[in-house]
Amino acid sequence: MTRKILRNVGVPILSFVLLLLVWQWIVVGFHVASYIAPRPRQAFLAVTQNWSALWPLILGTIRETVYGFFVGAALGLSLGVIMAKVPVLQRIVYPVLVLSQAVPIIALAAPLVLILGFSVTPKVVIVAWIVFFPVTVNVLDGLTHVDKDLLNLARVYGASRWRTFIHIEIPATATPLFSGLKIGATYAVTGAIIGELAASDGASLALYQEHANANLNTAAVYGTTMVMTAIGITWFLLVVGVEVFATPWQRRTVARRWRRR
Amino acid sequence: MTLLELRDVAKTFGDTIALSPTSLAIEEGSFVAIVGPSGCGKSTMFNVIAGLLTPDGGDVLVKGERVNGTTGHVGYMLQKDLLVPWRTVEDNITMAKRLTGRVSAADREEARAVARQYGLGDFLRHYPTALSGGMRQRVAFMRTLVTHQTLLLLDEPFGALDAQTRLEMQQWLLQVWRDTGRTVLFITHDVDESIFLSDRVIVMSPRPGRVVADFANPLPRPRTVDTLIEPAFIDLKTKVMRLLHREDA
């Protein structure tokens, strides 16, 4: 068990440290000027030394990411279920969904600002726009591939459609659902940043980075990128955590003690 | 007493006659084997009895009541164990209750008692992925048992098991059948299995799917491995094999 934790946590940390080392070697080894690429330490300091100014912006980005993720996940799940249950709707809606993902997000931002203003809402919409799609596709795929014999068995027992859905179809879709959520989680922060770039009139993490870039403060640009990445990774890991907790049968041979008195 | 009766039950899929008009009466408490090659309509017949398919003609009667196209009156088990991976052994056994009502403390206690009685007491909190094929089929059968249906339809339940495990499972099934007094309708394409288990062997044949013979099985119980070499066994096996092979030619 300890060895497993070491492997699952230790190795990713090690590869992260390795990445920083490579960064350091390249910058130092090739004598890269600090206005082109800072050393990792400088990027870190650019974040920590401006922490009081950055923290509210970070909170803003987190809020947009998380709200957008939940809206997108809920929308994605609902659409997946509806399309799986009503094949006619699937044929009508599916092409529209694919179309929605072909629209460049940047091109979407301008009209969204016109409609929704500069509030948090357009960012949430953009994040949800990105997140819902992998969720819908995976849920739809999961629901349409539930073992027909298992569904027949439920029918033989005399189960209602609702109970079959709750006790068979939904749990059978857990794995693809979480695949969709994990993809959505990694892209969510990107959506929030795009939203901030295109639909901010005031302070935001994306604009902070723009200003730093305009001032040739490369360390702050890199530092901000690291912060954005950290938000994305943290959110992804949280989703993975929920998955591990919610689907114990994928890793365990015996149920947790507290599940059954 | 007749538990199940088929009266001229027929089923067609497009141009294919899956089951030509078939009449059959199954006595309560009996063990009836249905043997035949694939395409002989045995699974179609099962699905009609279970209510998954509505017959094109004729009636299915359980305890004298017409049940055409309705479900909820049989226990049903396939070659695939259909255990759900997200539930423990105990929760898989109580699955039917979960799907139709509330799983009570008594249901859980019953599931645990059945599992203990038939050697799976130590695995109640295991997920099915941790079990062997034979154990999984036993759990699937317990799940069928606790539905308290008198009539059990078993469609090649041991078809995916190796020969050794299969023989163990056959003897186990006979023991459970003796303990619980259920009525079993057992599909197989294995002639030995059909004779070893049953009171009666029904032979079916394809194109169109139909019953071609209905043999009473004279072999005494309890059956052991020695049963497989008794003259009466060989005799019945010969008759069944001739029928099946005549159809092949």
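In the predicted model, Pro208(B) is found in the loop between strand S9 (200-205) and strand S10 (210-216) of chain B, where helices (H or I, at least four residues) and strands (E, at least two) are DSSP runs numbered from the N terminus. The peptide bond that leads from Arg207(B) to Pro208(B) is cis, with omega near -10°. In the loop between strand S4 (57-62) and strand S5 (65-66) of chain B, Lys63(B) has a positive phi of about 50° although it is not a glycine. Most residues other than glycine have a negative phi, and most peptide bonds are trans.

Residues are numbered from 1 along each chain as its sequence is written, and chains are lettered from A in the order in which they are written. Because the model is predicted, local features need pLDDT of at least 70, side-chain atom pairs count only at pLDDT 80 or more, and totals for chains, interfaces and linings use all residues, while side-chain values use heavy atoms, with hydrogens and water left out.

Between the two chains, 32 residues of chain B are in contact with 29 residues of chain A, contact being heavy atoms within 4.5 Å. The area buried between them is about 2,900 Å², of which carbon and sulfur atoms give 60%; buried area is the accessible area (1.4 Å probe) that two parts lose on being put together, summed over both. Trp86(B), Leu99(B) and Arg125(B) supply 29% of the area that chain B buries against chain A, more than any other three residues.

Two salt bridges are found across this interface, a salt bridge being a side-chain nitrogen of Lys or Arg within 4 Å of a carboxyl oxygen of Asp or Glu. Lys80(B) forms a salt bridge with Asp149(A), the closest N and O atoms being 2.8 Å apart. Helix H2 (89-93) and helix H3 (95-100) of chain B each supply at least two residues of the side that touches chain A, and the largest share, five residues, comes from H3(B).

Over all chains, the count comes to 20 salt bridges. In chain A, the side chains of Glu243(A) and Lys182(A) meet in a salt bridge (2.9 Å, N to O). Glu243(A) lies in helix H11 (residues 218-246) and Lys182(A) in helix H9 (residues 174-198), so the pair ties together parts that are 61 residues apart in sequence.
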